[in-house]
Amino acid sequence: MLKKLPPPASPSEPAPESIPDSELEGDYRPPVGTGTYLDPINARVEPGDYSYLLRLSEALNTTLDLRTLLNRTSELVRVVIQYRIFAILLVDERSQELRMRFQIGHTPEIERLRIPIGEGVVGQVAKTRQAILLNDVANAENYIAANEAVRSELAVPLINKNKLIGVLDIESEQAGYFRPEHLHLLTLTASRIAQSIQNARLYSRVTRQAQALEVLNEIAVELTSILDLDQLFERIGQLLRRLIDYQMFSIMLIDSTGQRLVTRYTWRFGHASTPSRWLPVETGIVGAAVREWRLINVPDVSEDPRYHMMNPETRSEMVVPLFYKNRVIGVLDLEHVRTGYFQERHERTLITLAAQIAIAIENARLYQQVVRHEQQLERDLSMARQVQLRLLPAACPIHVHGEFAAKFLPARAIGGDMYDFVEYDSNNSAIVLGDVSGKAAPAALFAALVSGIMRSAAVQKPAPAEMLRLLNDALQERRLDSQYVTMLYCVWNDDNQTLQVANAGAVPPIFCRGGEITTLKAEGFPLGMFPDTEYEEFSVATQPGDAFVFVSDGITDAENAQGEMYGTERLTSILCGHRELPAGAIADAIFADVARFQAGQPRFDDETILVLRVR
């Protein structure tokens, strides 16, 4: 069974006999004066130590959690040494200082102490890699008085594969408390403790890296889905804290002039804000990161002449530039109140994340730019629609024998269909229905051009065929590639109830008389396609009860969910079925039937209907 070493002798009792020199191997010698040094490499395992070493190995090999491992180490050491003050200090590879990672009996202030290698007892142990036993710390020149009550100290280096991991340090308020047996046993166990600590640190590092990669992937996916800049900045700050425990953070973007870094988001000690402040692009550490196109990590800003104070609490700062398409668009600036806080793993994380952040920021900026352009376009289209509606006739002509109606529905905010009524005199009115090639703004502008030319020519009161010829010639003089217009031009004579018709590629008009349908076979080339074009003209003598309908191809070509077109048959059926109704009611009936046929399918073309009913 494992036997606990006898407690140290009290001042009134003689000290128990120590382990004879002959039982120790190597350069070890009994204490001389106030201190004892032991070479850990040449320490020898005695038969009585096997049970303890086996139990130690079993206990240390059952966990890879560093905190649990350090706690178990303290418990196992207490089995053989009844200490009151205990600490394990590990080497910070970046600063080459000893940092207290586990302690019992020390104050929180001492726990934050950084000990350079070579200073103090533990620093000397780390430097020489030899254990030290001090019977009376008052006589040690390099002793750091962390606790005024301490009188004796035992420190052992933790070495694994010839690499210094840290120092195990035990202290007592009693002088001469520790004996060579304690030193011997701790020296034997130090390598096993060091190996377990190194394994736990490696496991912790791999685990952190795996978690960091998982978080980086989550961040990359989430950031690309945020297109509002303010929300994106705030979310970047939140997600970044999952990887780096900073205390101050800023996102600064280069403005359009390229001369200033404008702060777009700031987080300080738990509070976020969007201050309207800026720096010249060549100022401070942030400016250096932009100029040098690299991450800059400053352990102590007070020693860096480039530092421009924005937060007086800052001691360490890390800045990474944000690259997008071979240009710097801004920086991420992380700050901490502790010197030397940001480490190499922080640098790797920030560089990896900066690429995703830059893409997310640029995507959000481009999206906002597109939104602004779309909003401006919507305003422009709304104004254009108002202008287009002003170009349409405010009312239909009123005649004794002819009743007119018109209905227009653009496929978009503005359309390419145009219609008009031009009064030649009190008895003659022109009926115009045109369809410009294309849709939206270009078609609407071309329609406005055609309407203006037509209105100017209408002063001469030309016949329908002559009007189409005049329009075609005028458009040939103002020729635009791939732009043309189909048009029906008719003139109603109310005195003799006749209708003169000329067609330039539009849907032929149809009329219903006594339940019979007639299609006027007027044809011709669209306006603006060919020069020197002549157009045919027909004259129709009407009778009371006749109903004429003029439609754009958006009516006949309207499709349902099955891809079927509305067609002429359905149009003529509705026309004849409602021929006794007023002209406006006929137009409404046709539009309602087309809407039922489409059954919610999107309209791909403008829909226009003109109706003439003979009283």
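The second largest cavity of this predicted model has a volume of about 130 Å³. Open space is represented by a largest pocket of about 1200 Å³ and a second largest pocket of about 350 Å³. Helix α5 gives the most to the lining of the largest pocket and also gives the most to the lining of the second largest pocket. The points below treat the cavities, the pockets and the helix packing in turn.

**Second largest cavity**

- With three residues, α7 gives the most to the lining of the second largest cavity.
- By class, this lining has six nonpolar, six polar and four charged residues.

**Largest cavity**

- At least two residues of the lining come from each of β2, α4 (120-128) and β7 (163-172).
- The lining of the largest cavity divides into eleven nonpolar residues, one polar residue and three charged residues.

**Largest pocket**

- The largest pocket, with about 1200 Å³ of space, is lined by 32 residues, and Asp-92, Arg-99, Arg-208, Gln-343 and Arg-345 lie nearest its centre.
- Two or more lining residues come from each of β2 (85-92), β3 (97-104), α5 (180-223) and α8 (344-391).
- The contribution of α5 to this lining is six residues.
- Charged residues number 17 in the lining of the largest pocket, beside eight polar and seven nonpolar residues.

**Second largest pocket**

- The second largest pocket, of about 350 Å³, has 15 lining residues, and those nearest its centre are Arg-208, Gln-209, Ala-212, Arg-345 and Thr-349.
- Helices α5 and α8 each supply at least two residues of the lining, and the contribution of α5 is eight residues.
- The lining divides into five nonpolar, five polar and five charged residues.
- Arg-208 and Arg-345 are among the residues nearest the centre of the second largest pocket, and both are likewise among those nearest the centre of the largest pocket.

**Packing of α5 against α8**

- The axes of α5 and α8 come within 10 Å and cross at roughly 15°.
- An angle under 35 degrees counts as roughly parallel, and α5 is therefore roughly parallel to α8.
- The crossing of α5 and α8 is right-handed.
- On the α5 side the contact is made by Arg-208, Gln-209, Leu-216, Ile-219, Ala-220 and Leu-223, and on the α8 side by Arg-345, Arg-348, Thr-349, Thr-352, Leu-353, Gln-356, Ile-357 and Ala-360.
- This contact has seven nonpolar, four polar and three charged residues.
- Arg-208, Gln-209, Arg-345 and Thr-349, which take part in this contact, are also among the residues nearest the centre of the second largest pocket.

**Packing of α6 against α8**

- Helix α6 (residues 229-240) and α8 have axes that come within 10 Å and cross at roughly 165°.
- The angle is over 145 degrees, and the two helices are therefore roughly antiparallel to each other.
- The crossing of α6 and α8 is right-handed.
- Leu-229, Leu-232, Phe-233, Ile-236 and Leu-240 of α6 meet Leu-350, Leu-353, Ile-357, Ala-360, Ile-361, Ala-364, Arg-365 and Gln-368 of α8.
- The contact residues divide into eleven nonpolar, one polar and one charged.
- Leu-353, Ile-357 and Ala-360 of α8 meet α6 and also belong to the contact with α5.

**Packing of α12 against α13**

- Helix α12 (residues 567-577) packs against helix α13 (residues 583-598) at an angle of about 140°, with the axes 9 Å apart.
- That angle makes α12 oblique to α13.
- The crossing of α12 and α13 is right-handed.
- Arg-570, Leu-571, Ile-574 and Leu-575 in α12 meet Ile-586, Ala-589, Ile-590, Asp-593 and Phe-597 in α13.
- The contact of α12 with α13 has seven nonpolar and two charged residues, and no polar ones.

Key. Residues are numbered from 1 along each chain as its sequence is written. This is a predicted model: local features need pLDDT of at least 70, side-chain atom pairs count only at pLDDT 80 or more; totals for chains, interfaces and linings use all residues. Side-chain values use heavy atoms; hydrogens and water are left out. On a 1 Å grid over the protein atoms alone, a cavity is a set of points where a 1.4 Å probe fits but cannot get out, and a pocket is an open set with protein on both sides within 12 Å along at least five of seven lines; lining residues have an atom within 4 Å of a point. Grid points are joined across faces, edges and corners, and a volume is the space filled by probe spheres set on the points. Helices (H or I, at least four residues) and strands (E, at least two) are DSSP runs, numbered from the N terminus. Ala, Val, Leu, Ile, Met, Phe, Trp, Tyr, Cys and Pro count as nonpolar, Asp, Glu, Lys and Arg as charged, and the others, Gly among them, as polar. Axes are lines fitted to C-alpha atoms, for helices over the stretch in contact, and angles run from 0 to 180 degrees between N-to-C directions. Angles under 35 degrees count as roughly parallel, over 145 as roughly antiparallel, 65 to 115 as roughly perpendicular and the rest as oblique. A crossing is left-handed if the near helix is turned anticlockwise from the far one by less than a right angle, and right-handed if clockwise. Contact means heavy atoms within 4.5 Å.
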